[in-house]
Amino acid sequence: MTDTGASTAGCRSLDEAACIAEEALLPAALEVDGADRVPQSHLDLLAKKGFYGFAAPDDLTALDFPSYAAACRAVESLAGGCLATTLVWVQHHGAVSALAKTGNRELRDARLKPLAEGRLRSGVAVTAAVRPGIPMLRAEPVDGGWIFDGAAPWVSGWGMVDTLYIAARDADDVLVMALLDAEEGESVSAGPPARLVAAQASRTVTVRFSRHFVPRERVVQTVPLEAHSKGDPESVRFNGNLALGVAGRAIALMGDDSGALSAQLATARRTLLGAAAEDVPAARAAVSQFAVRAAAALAVHVGGRALLTDAHAQRLTREATFLLAFGSRPAIRTALLKGLGAQERSAGGAGTA
């Protein structure tokens, strides 16, 4: 795992994230909750403050996070302000991180700086290629590049991003990771936004590819699926900060009546941050379940008003439910069902986002 130092004190960027969450995101969160897209102004503000360089190399970012813990707290703060905005923003960084490491120097030189500055914005579509079993999006080598064929579900930010960091899988279980234009055309089409229980403004769609040619020049890397999977615990760990953000907001709205929840939030945060790779799914399940419990406590605390659509309590309850399944894995699902007192079927269950 990356640096797990717990230092967050004196971090300008962490303070900036908290300020954006409190002064820009939270005041608009209920309005965004009912909108069909994240406001452009939210994404522009994150770009202006340098947050699109979150995963960029040091020479391309002005953010001053002293540790991995501080970076995670920034994500937590933003998610506690507006989950939909944070979902669209956070998925941008898959492209930034990949381009920072790519051997495709021409693509890196052309795209990394504008992505780090937020002049270009990216979505991500990897699930279709890495999920167990037959890939939903297949890659076939041809002269000059690859053919992508199939579907990529759960693509967030459609209509708000310029590029798409996407993976398809070939017959030898090698992932072809590419950076494509987020545009429809003869061989690329996007379905209508999914009707989600929360974060509807993220504009999450299924993108379909019909024998779409991807030139070699747009390929970021090729990597065996097995090798890629070894890094999966860190993605799972990182996404847990979204649930911590929702839980933290629910606790903050309860104020002094939150009781032991504040201390439990700190414990959940430390557990997620410090978990060994093999323990990350259980830690992630624990924070997701904790978010549901914190949101439920807020709903009870608020009382009947929690049933109204203009109350944060109902919004956070739906967001916590959303995060039970978002970015899940079979091991997380098993741990969640065990924690909730349910039994996992041996045949497995439905796919997750």
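Ala, Val, Leu, Ile, Met, Phe, Trp, Tyr, Cys and Pro count as nonpolar, Asp, Glu, Lys and Arg as charged, and the others, Gly among them, as polar. With these classes, the lining of the second largest cavity has six nonpolar, one polar and two charged residues. The model is predicted.

The second largest cavity has a volume of about 40 Å³. Its lining includes Trp158, Leu164, Leu180, Val188, Val207 and Phe209. Asp181, Glu183 and His212 also line the second largest cavity. At least two lining residues come from β5 (174–181), and at least two from β7 (205–215). The largest share belongs to β7, with three residues.

How many cavities of 30 Å³ or more does the structure hold? There are two. The largest cavity has a volume of about 50 Å³. Ala29, Val32 and Asp33 are among the residues that line the largest cavity. Cys82, Leu83 and Ala84 also take part in this lining. Ala199, Arg315 and Glu319 complete the list. The largest share, three residues, comes from α1. By class, the lining of the largest cavity holds six nonpolar and three charged residues, but no polar ones.

A helix pair was examined next. Two packed helices are described by the angle between their axes and the distance between the axes. Helix α3 spans residues 68–81, and helix α10 spans residues 261–274. The two pack at an angle of about 125 degrees. Their axes lie 11 Å apart. An angle over 145 degrees would count as roughly antiparallel, and 65 to 115 as roughly perpendicular. Helices α3 and α10 are therefore oblique to each other. The crossing of α3 and α10 is right-handed.

Which residues of α3 meet α10? Helix α3 brings Tyr68, Ala69, Cys72, Arg73 and Glu76 to the contact. From α10 come Leu265, Arg269 and Leu273. The residues of this contact divide into five nonpolar and three charged, with no polar residue. The lining of the largest cavity likewise has no polar residue. The lining of the second largest cavity has one.

Conventions:
Residues are numbered from 1 along each chain as its sequence is written. This is a predicted model: local features need pLDDT of at least 70, side-chain atom pairs count only at pLDDT 80 or more; totals for chains, interfaces and linings use all residues. Side-chain values use heavy atoms; hydrogens and water are left out. Axes are lines fitted to C-alpha atoms, for helices over the stretch in contact, and angles run from 0 to 180 degrees between N-to-C directions. Helices (H or I, at least four residues) and strands (E, at least two) are DSSP runs, numbered from the N terminus. Angles under 35 degrees count as roughly parallel, over 145 as roughly antiparallel, 65 to 115 as roughly perpendicular and the rest as oblique. A crossing is left-handed if the near helix is turned anticlockwise from the far one by less than a right angle, and right-handed if clockwise. Contact means heavy atoms within 4.5 Å. On a 1 Å grid over the protein atoms alone, a cavity is a set of points where a 1.4 Å probe fits but cannot get out, and a pocket is an open set with protein on both sides within 12 Å along at least five of seven lines; lining residues have an atom within 4 Å of a point. Grid points are joined across faces, edges and corners, and a volume is the space filled by probe spheres set on the points.
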